[in-house]
Every structure is written in C-alpha cells, then in structure tokens.
Amino acid sequence: MSKPLYRTCTRRRFLKNAAGLVAAPLAPWVVPASAIGAGGATPPSNRITLGLIGVGMVGRGHHRGFLANPKTQVLAVCDVDRWRREDARATTEKTYADHRASGAYRGCAAYNDFRDLLARSDIDATFIATGDRWHGVATVMAAAAGKDIYVEKPISLTIAEGRAMVEAVRRHGRVCQVGLQQRSAREFRLACQLVRDGALGKIRSVYVIHPGTSADVQLPAEPVPESLDWDLWLGPCPWRPFNHRFVYLGPPINVVPWDFCRDFGGGGLTSGSVHAFDVVQWGLGMDESGPTEIVPLDPSPHPELALQYPGGVVAKVVRGRLDRRRHEIPKGWDERTGIQVFGALFVGERGWIHVGREGFLQSFPETILKDYPSTYGPLIAGRSHHDDWFDAILARRRPACDVAIGCQSTIVSLLCCIASWTGRTLKWDPAREEFLGDDEANRLRGRAMRAPWRV
C-alpha cells in the first residue's frame, strides 16, 4: 500500500521541563554544565530539535554546523542514498557520544522517506537540502506538519511552486529561512545598505555573472544501484531511467551533477546566480517586486541578459567580466577584474560598489567605504545564517531571508532561464506574476507533478 501524501502531526512545545527530557530514553547529549544551562550554555530543554532532509554535498556541511551548535539537537536524518543517510546518522551519534560522560549515544534515526521524519512530533524544525525538484513539496508538507523550515536555494523549481511555498508557510504560521546566506554576511549587509541609502547616488546599472542554464537531455538507461531509491530521488519530476550522470552516490563531491537537465534544475542561473540576483533585489529595494522586462542580448543558448527594473535601472547578466565592446565601463574599473562569483557590481552616478564572498568589498572612489558613518555598525554586524533562523524560531519572527524574499529572488533566476529557453524578450508583471502577451512563457511558470506529489 502506498504511503499517504500528508500525515497528521502535532508540534512538540519548545520548552518542556528539563526533568522530562532527562528522563526520556533518548535524552539529548549531556555535558554536566550544559545539562543545567550553566556557564551560558543552552540546556537541553531549550534546544531546537532538528530533522535533516538531504545530507549530500550541501546538506553535509550544514549537518556538521548543526552538530556544533549548542542551540540544536539533531534527532533524525533522511536521504534516498543509503550510504549518505547512514554516514550522517553515524556522524551524529559519534559527535554526541563524544560529549557524554558515558561515551555512548544512540538517538539519531535515519530515514529513506522524508514523510517518516515529518511524522515525528518531537522534531521542531526541518532542514531541506535536497535537489531543487523536492524543495516545493517538502516545504509545503513540512509547514503542514507544523515544522519550522530552512530550505536551500533556489527555493523552487518553478515560479508556481515558490508561490505555493510562501502561502503554505504563512497559512501554517511557520518560520522559514531560505539558504541565501549572504543576507547574514557583513560585507553584503554593508554594501546593500550603502546602495539603498544613496551612497552611490542614483543607481544606473548592476552587473552579475552569467553561468548558463539547463537543457532538455536524454541519457541511456542504466541499472539502478541497490543503495538508491530512484523513484523517491525523482519525486515529483517526470519519470526517466536512471543514469549515473544524474547522481553521484556515496561520499559527496563538490558538484551538483543533475542541474544540467531541465527536469531537475535551471543550471547555473538557479544553482549559483540566484545568490547574485538576491543581492541585486536586496540592494535595489525590490524584495517585494522584481524586473519588468528580460532581454536576451545575443542569440546563443546561454545569452547575456538585460533585466529592466522600475526607475530605469538595468541589471546585466554578463560572461565573467566587462568588455568595452559590449558594456559601458564605469570610471575607475579595471577591465581585467572579474565580477565576483555570487556577488554584484552596483554602478551609480557617484561611483560603484563591488561585493562578493569571503569578505570581498571594494568601491570607487574608496571614500564611499572608508567614510561610511559609524551608525552602520549595528546594521552590518554579521552572524550565522543558522543562528538567525534559530533566533527567529524562538522569537516567532521572520528571519533574514524569509520565504517571500527567497521566492522573489528565485523568480528572477527563473525569469532569466525562461528568457534563455525561449530566446526572446519577455515582459513581466511582478504583481500578478505573469508574462504579458506570451502564452508559451506563461506555461513555463509551472510544471505538472508526478503523482502522488503536489503543492
């Protein structure tokens, strides 16, 4: 018999009394000081219990961060790759055992099907780091199950899924953080605040990197590995035969193998550039809106793009660096400089700001950054994106990259994909979330889901 799509779950109260937890058969890891909250440590009764859905390349790193965070307790992990889920369970139990006087711990469950994880009433929140194809369904189901959520970027595979996710999170009163972690990074907070406060004067243009998008592909069928649940890996996507190019089993490597296929993702425009588009949206104050026109600038399968924003600002998606044969070169800019991966170059009437990962931040003239008021200090204080989520859960507030913000930034990535796939200029209505006068493009806002999955 097939499993029901939705299951009724009740939510555990965050602040059970400590005696009840200590008496439980699978008590959280206990260090004498933290067990009573001494020395500023978080007592077990105040920890947020987590279930992790997806512990591959991205999820594995987050998993270790959660294990090191005293605010949380990992109770369950889930992955359709047996090696990954069992490795995550073993890592969890070893980590917690190392912090117990007995040196032993058996309190982390490992699931193949994420519905089993969501059915647990003792899990407060879930972290979703599956492929894009699962983000919409898993988030909607987690919200309905009463869980708070951290979902990796891009928030969804389609525009329609993203909107359904926002509505589900709001309807069930959940806290949902999107993994666009630059919202919590000091250099990005300062750069975007300066842009919004007019340090560059009127913004004329913004530049981000173009990494390409996905395509329709057909690969030959291969035997499904015994350690992989291929049907659950596909999830709501159209059924297709297994091929090893879609899935790297076992220990993760630093690559997302499946996003070259349009059934599973949008390629670099969604898996990477969504971070850059999030910076553009943030810096331009467009978190509740977006561009109104998307223009492919050349006829290639991966064209450079121009995004027209209200007020005359144009965001240009370029191939790595500015070239005076195709682009206007801002005063003070060295053409040999590549635009930062996941970052952005804001150009205004008074100069420019270039921001990227790992603390990268430059301006022209340099005084734009050197002379910023000390009052920016509290605004730009960076902290962990995880900690922001945990604090938001406890305070019942919206986190730094709330689900609606992540939805809008993902929409920009998807607009660029659709413009690339159709090869023509698209007019977009951000309020109604529809293309003007283009039925084909409007059909690409959503996709049919394979039964029984839905949002």
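**Questions on a predicted chain**

Me: R396 is found in the loop between α14 (385-395) and α15. Why is R396 called partly exposed?

Reply: The model is predicted, so local features need pLDDT of at least 70 and side-chain atom pairs pLDDT 80 or more, while totals for chains, interfaces and linings use all residues. Residues are numbered from 1 along each chain as its sequence is written, and side-chain values use heavy atoms, leaving out hydrogens and water. A residue is buried under 20% relative accessible area, exposed over 50% and partly exposed in between, with a 1.4 Å probe and protein chains only. R396 has a relative accessible area of 38% and is therefore partly exposed. R396 also has a positive phi of about 55°, although it is not a glycine.

Me: E433 has a positive phi as well, about 55°. What makes E433 count as buried?

Reply: The relative accessibility of E433 is 12%, so it counts as buried. E433 is placed in the loop between β14 (426-429) and β15 (434-435), and it is not a glycine either.

Me: What are the helices and strands in the chain, and how many are there?

Reply: Helices (H or I, at least four residues) and strands (E, at least two) are DSSP runs, numbered from the N terminus. By that rule the chain has 16 helices and 15 strands. Of its 455 residues, 56% count as buried.

Me: Why are α8 and α11 called oblique to each other?

Reply: Two packed helices are described by the angle between their axes and the distance between the axes. The axes are lines fitted to C-alpha atoms, for helices over the stretch in contact, and the angles run from 0 to 180 degrees between N-to-C directions. Angles under 35 degrees count as roughly parallel, over 145 as roughly antiparallel, 65 to 115 as roughly perpendicular, and the rest as oblique. Helix α8 (residues 186-196) and helix α11 (residues 273-283) cross at roughly 40°, their axes coming within 8 Å. They are therefore oblique. In this contact (heavy atoms within 4.5 Å), α8 contributes F188, R189, C192, V195 and R196, and α11 contributes V279, W282 and G283.

Me: What makes α7 and α15 roughly antiparallel?

Reply: Helix α7 (residues 159-171) and helix α15 (residues 403-422) pack at about 175°, with axes 9 Å apart. The two are therefore roughly antiparallel. Among the residues that meet are I159, M165 and V169 in α7, and V403, I411 and L415 in α15.

Me: S420 is found in helix α15. How is it known whether S420 is buried or exposed?

Reply: S420 has 7% relative accessibility and therefore counts as buried. Leaving aside residues up to four places away in sequence, S420 touches T213, L269, P301, P303 and L305.

Me: What makes a nonpolar surface patch of Y248, I253 and V255?

Reply: Patches are made of residues with over 30% relative accessible area and no salt bridge; like charges are joined within 9 Å, and nonpolar side chains (Val, Leu, Ile, Met, Phe, Trp, Tyr) within 5 Å. A salt bridge is a side-chain nitrogen of Lys or Arg within 4 Å of a carboxyl oxygen of Asp or Glu. The three residues make a patch of about 240 Å². I253, in the loop between α9 (230-234) and α10 (268-271), counts as partly exposed because its relative accessibility is 46%.

How values were computed
Accessible areas come from the Shrake-Rupley method with a 1.4 Å probe; for residues, only the protein chains shown count as cover.
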